[in-house]
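Open the model in your viewer and keep the selection panel at hand.

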Amino acid sequence: MKKLITSLSIILISFSSYTQMGSLSLTFGLPQNEFRENTDATGFGGDLSLAFPFQKGVPIYLGGDINYMVYGLNSQDHDLTAEIVANGQVIDELIIPLTVTNTNSIFGTHLFMRAVAPFELIQPYAEGLIGFRYISTNTKIIDRSDDRRWADDDDSDVISRKTVLDDWIFSYGYGGGFLIKVGPSVFVDLRADFFKGQRAQYYDGDDTESWTVEFNGDPNNYDRDTVTGDDLSYENQPRESTTDLLVLKFGVAFKI
């Protein structure tokens, strides 16, 4: 164990002595192939990466990045009308004012190997990447009633929040870009990466805009004063396809 700890320490010290490269970028995600046929949504978000030279003096870097993009966000007000029926008779009617907010997002993390041309002002580079992406749809139902009777007392005016659908996707790809020098250790970073993605189920903005909310309480045990957000439900059929993605990145890179 002591030998292992010593070896890892030597490796970390060696890497820390090399010139590290970090970047922070705005990202745009464009679905490709079958994914594009299923949705015309464009993702917007950010990316953070850090890389170390494979060997001192060799312009090949090993690193990792994390990124997050929202590819659908909408919020709509709904006035849900629910008829309460007992023994075939309508005994009451509820008007439930709601706001439904839906967020479709993609989180990704990848390891990469990057080869950089060591020119002075403009440094082109190419890279290969492998990792995972997490695609999800999160829905929040907000109570708009005056007395907030539907909301959870512990969560402000929120009736329900849940991850409606999510999926982990194996992802790999290739890309490249340009580092444009604007200072002693500062560069404009322009990059494009293409990712192949496994099949996954997901919603897009058009699906969540037409989301339906229903009352599913038990009319036989109905009491207006005890109805809560647990008596509401919402659903829709997800889409399914491969998840190829072209990611455009515009940012700033630093060599430390």
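The stops below say what to select and what is there.

**Ground rules.** This is a predicted model: local features need pLDDT of at least 70, side-chain atom pairs count only at pLDDT 80 or more, and totals for chains, interfaces and linings use all residues. Numbering starts from 1 along each chain as its sequence is written, and side-chain values use heavy atoms, with hydrogens and water left out.

**Stop 1: the chain.** The chain has 3 helices and 12 strands. Both are DSSP runs, numbered from the N terminus: helices are H or I with at least four residues, strands E with at least two. Of the 256 residues, 41% are buried (under 20% relative accessible area, with exposed over 50% and partly exposed in between; 1.4 Å probe, protein chains only). Switch to a surface. Now look at contacts (heavy atoms within 4.5 Å). Among those between residues at least 6 apart in sequence, 72% join residues at least 24 apart.

Stop 2: A search of the whole structure finds 2 cavities of 30 Å³ or more. A cavity is a set of points on a 1 Å grid over the protein atoms alone where a 1.4 Å probe fits but cannot get out; lining residues have an atom within 4 Å of a point. Points are joined across faces, edges and corners, and the volume is the space filled by probe spheres set on them. Select N67, M69, H110, R133, F195, L245 and V247, the lining of the largest cavity. β3 (58-86) and β12 (245-255) each supply at least two lining residues. The lining divides into 4 nonpolar, 2 polar and 1 charged (nonpolar: Ala, Val, Leu, Ile, Met, Phe, Trp, Tyr, Cys and Pro; charged: Asp, Glu, Lys and Arg; polar: the others, Gly among them).

**Stop 3: the second largest cavity.** Next, select G29, P31, F35, A41, G43, M69, Y71, I106 and L245, which line this cavity. Its volume is about 40 Å³. β1 (21-31) and β3 each give at least two residues to the lining. How many of the lining residues are charged? None: 7 are nonpolar and 2 polar.

**Stop 4: Q32.** Select Q32, in the loop between β1 and α2 (33-38). Is Q32 buried or exposed? Q32 counts as buried because its relative accessibility is 18%. Leaving out residues up to four places away in sequence, Q32 touches F194, D244, L245 and L246.

Note on methods: On a 1 Å grid over the protein atoms alone, a cavity is a set of points where a 1.4 Å probe fits but cannot get out, and a pocket is an open set with protein on both sides within 12 Å along at least five of seven lines; lining residues have an atom within 4 Å of a point.
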